[in-house]
Amino acid sequence: MSDKIIFHYPPALMILLIDAVHYLNRSKKDVFSFFQGSGVPLTIINPIFNKWKENNSIPKREIARDILTSINLNNDLYLTQRREIIKRIIEFDDFSLCWPDDQLPARGTVAKIKDIVNGRDTLTRLTNEVEKTRIQHMKKREDEILQQKLKKDNINRIKNELCSLFVEPNPQKRGKDLEEILNELFNIFGIGVRSSFSLKGPDGEGIIEQVDGIIELNNDVYFVEMKWLSKPVGKPEISEHLVRIFYRSEARAIIISASGFTEPAISTCKEALQNKVIILCGLDEIIYLLESGGDLSELLKKKVNAAVIDKNPYLKSY
């Protein structure tokens with residue numbers, strides 16, 4: 001039952017309740033018993049009862065009006081009693097207990113009260129559902145804003161870490177840090193990542209292959225090679241990575257360089273596009289992307305399309 005109905009009886013409902021109490025109770029004593037059974041305290045009932053005892057010509061409707069008005073004045077003190085009165089009336093079903101002439105009016109009055117209560121309850125439920133949906137949408141939006149902020153903060157942090165690598169004097173540390181930073185960056189943009197790994201020879205040869213990382217993009221697997229050299233990456237360095245790709249039937253290649261690529265290296269990758277998908281990316285492109293608020297996965301997809309469609313392994317993003 002709607003709290004809005006029993007929190008305060010509106011005027012139209014008040015009139016119906018007075019009529020219902022009149023019709024459903026044969027005697028005036030029954031009216032007092034009805035209210036007492038509904039939990040109305042004697043502090044309210046007794047003064048009206050004594051008034052009736054002094055003047056027993058007071059009609060049932062007036063008794064009902066006085067008691068209902070008294071419990072309707074306080075916002076929440078008699079909330080339970082107001083609820084119970086409505087509950088008893090709308091659940092009343094033995095109209096043979098009423099005076100014969102009152103049975104049909106009693107049925108009609110109870111039916112009207114049920115319609116009001118059910119209508120208000122439906123409205124309340126709809127209102128509650130709308131409010132619940134609004135709160136859910138607001139919570140979802142707040143979560144999205146929070147996630148966007150966290151993503152932006154992480155991107156800014158990674159951008160600063162990338163820039164700091166340019167002053168790192170230790171090449172080994174710089175290379176290792178670059179791997180970790182880029183792998184984290186892939187994760188932030190929802191690109192599936194497998195960290196670097198190495199393969200050892202079956203006859204104790206030690207490490208025979210070192211892979212910087214593997215990502216999954218549009219359900220395709222890409223072996224990622226990261227290069228930080230003092231000069232542009234040349235054909236020998238490119239060829240070393242291409243060998244790994246050609247020995248794996250479904251593998252593709254992404255080569256990231258902090259110092260660019262030579263023309264022979266680009267030409268080698270272009271020739272290899274006849275059999276494999278290979279894309280080249282400058283570290284400066286990634287830094288520019290982070291500064292401009294771009295999406296790394298979209299950048300890589302554009303490069304893949306350029307490689308597949310235009311036979312261009314090195315599409316510059318800016």
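pLDDT is the predictor's confidence in each residue, from 0 to 100. This is a predicted model, in which local features need pLDDT of at least 70, side-chain atom pairs count only at pLDDT 80 or more, and totals for chains, interfaces and linings use all residues. Residues are numbered from 1 along each chain as its sequence is written, and side-chain values use heavy atoms, with hydrogens and water left out.

**Confidence**

The protein chain has a mean pLDDT of 84, and 87% of its residues reach 70 or more. Helices (H or I, at least four residues) and strands (E, at least two) are DSSP runs, numbered from the N terminus.

**Nonpolar cores**

A nonpolar core is a set of buried Ala, Val, Leu, Ile, Met, Phe, Trp, Tyr and Cys residues joined through side-chain atoms within 4.5 Å. Buried means under 20% relative accessible area, exposed over 50%, and partly exposed in between (1.4 Å probe, protein chains only). The largest core has 51 residues; Leu-162, Leu-182, Ile-238, Ile-286, Leu-296 and Leu-300 have the most contacts inside it. Helix α8 (residues 171–188) gives the largest share of this core, six residues. Leu-182 touches Leu-162, Met-226, Ile-256, Leu-283 and Ile-286, leaving aside residues up to four places away in sequence. A second, separate core of 37 residues includes Trp-52, Tyr-78, Ile-90 and Cys-98.

**Second largest pocket**

A pocket is an open set of points on a 1 Å grid over the protein atoms alone, where a 1.4 Å probe fits, with protein on both sides within 12 Å along at least five of seven lines; lining residues have an atom within 4 Å of a point. The second largest pocket holds about 170 Å³ of space. α7 (103–164) and α11 (283–292) each supply at least two lining residues. The largest share, six residues, comes from α7. Among the lining residues are Lys-151, Phe-189, Glu-291 and Asp-295.

**Positive phi**

Most residues other than glycine have a negative phi. Asn-219 has a positive phi of about 70°. Asn-219 lies in the loop between β4 (213–217) and β5 (220–227), and is exposed, with a relative accessible area of 70%. Lys-311 has a positive phi of about 55°. Lys-311 follows α12 (296–310) and is partly exposed, at 39% relative accessible area.

Conventions
Grid points are joined across faces, edges and corners, and a volume is the space filled by probe spheres set on the points. Contact means heavy atoms within 4.5 Å.
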